[in-house]
Amino acid sequence: MRPYPFPLALGLGVLLALAAYARALGFFPPGGVYLALLLYGLLALWGLRYGAVYGLLLLGLLAWVWPWAPVLAVLLLFLLEARRLPEKAQGAFYGWLFVWPFLALLLIWQVFPTLYAFYLSLFEKVNFLRRAEFAGLENYAILLRDPLFWRALGNTFWYVLFTVPTGLLLATGVAILLNLRLAFQGLYRTLFFLPYITALTAAAAVWRWIYHPEFGFLNWLLGTPGLDWLNTPKGVFALLLEPLGLKVQGFLAGPSLAFLAVMVMSVWHFLGYQVVILLAGLQSIPKEYYEAAELDGASFWQKQRYITWPLLSPTLFFLFTLGLIGAFQVFTQVYVLTPTGGVLQDTLTVAFYLYNKGFRDADFSYASAIATLTFLIILALTLLQRRVLERRVHYGA
């Protein structure tokens, strides 16, 4: 007979304990706890085939009163039966015993909140002050007809299109230069990394002063006194084409000047992080490849094209994926630089709109619907990116 699946029992016990705690706090429906109790109870009853001592697992059904009961019941039974178990089964249990605390934290802070957000999105105007009525997918139907959501989504797409490629191109160039033998190389690396370790809120506040129409450093540098960077809602493409007599409107007008200012600040802030990651990728490329290329008479640009770029592609793909996910979640710098979302909502992003609906309007169900739909958009784009771009990634030297 195969040994009893103690790792599975431990996992179900932890899930049952977390579900019981969440239910006690009002963040989990009773049906979920009942389901966890049923699964754990069936596994406990199955254990009776191995001996009467396995009846200790039934103590875990007290999780409704004492959430940690199932976990302690499994641990106690394992201590009693450990000597009779094969070495492989003991190793598996101890491995999961060390993994579960960190996995539980992941469930608490990532997985369960995501599922709970979807659960909230199925109700009408949840504000935790009154009982909400079940609404099904009504919030999603309203969301798809919401012009402000589409405005926020369009702005977010502009942010992604500008910041992700621009940031990677700049970071790659800087990383290649910093990887050369230069005087004060350590100082340059520190200067580029300093913006990233600066609190984003503080950095955005400083840039708000830089963009000030009267006392700002940027207007002084460019000689454009009075230009209000953060309150100009006109699209950048519309401004550039206006002297040519061409007029474009809507999405084709491009991101507003205010939003472009936010993008520039974002690229500056995250540049240091990307440079450090790319430097690590560059230093992992064997020097022999460059030496062989020099012997063959390759120029600097040929070495970058045929050696650096292909062998750096895994790092670039990693940063591109993270950049895409992070860009869709941009909030802090937008909120600090343009607290109202711009003059004509021209800097409103999806995350900012979610914040407004949830914490300003106290409509957590609609905000949860925005969060769920944003998650699906990010997931779809990430899978598409992996399917299209990963073919060009060279994982081997």
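Is F6 buried or exposed? F6 counts as buried, because its relative accessibility is 1%. Buried means under 20% relative accessible area, exposed over 50%, and partly exposed in between, with a 1.4 Å probe and protein chains only.

This is a predicted model, in which local features need pLDDT of at least 70, side-chain atom pairs count only at pLDDT 80 or more, and totals for chains, interfaces and linings use all residues. Residues are numbered from 1 along each chain as its sequence is written, and side-chain values use heavy atoms, with hydrogens and water left out.

**View 1. The whole chain.** The chain has 16 helices and 2 strands. Helices (H or I, at least four residues) and strands (E, at least two) are DSSP runs, numbered from the N terminus. The C-alpha trace spans about 85 × 65 × 35 Å along its principal axes. Of the 397 residues, 41% count as buried.

**View 2. Y4 and F6, an edge-to-face pair.** The whole structure holds 37 aromatic pairs. The ring centres of Y4 and F6 are 5.2 Å apart and their planes meet at 75 degrees, so this pair is edge-to-face. Rings of Phe, Tyr and Trp (its six-membered ring) pair if their centres lie within 6.5 Å; planes under 30 degrees apart count as stacked, over 60 as edge-to-face and the rest as tilted. Y4 counts as buried, at 4% relative accessibility.

**View 3. Y34 and W64, a stacked pair.** Here the ring centres of Y34 and W64 are 5.4 Å apart. Their planes are at 10 degrees, so the pair is stacked. It links distant parts of the chain, 30 residues apart. Y34 sits in helix α2 (residues 30–47), and W64 in the loop between α2 and α3 (69–81). W64 is partly exposed, with a relative accessible area of 45%.

**View 4. A152 and its contacts.** A152 lies in helix α6 (residues 147–178). It counts as buried, with 0% relative accessibility. How far apart are A152 and T349 in space, C-alpha to C-alpha? They are 4.4 Å apart, although 197 residues separate them in sequence. Leaving aside neighbours within four places in sequence, A152 is in contact (heavy atoms within 4.5 Å) with L348, T349, V350 and Y353.
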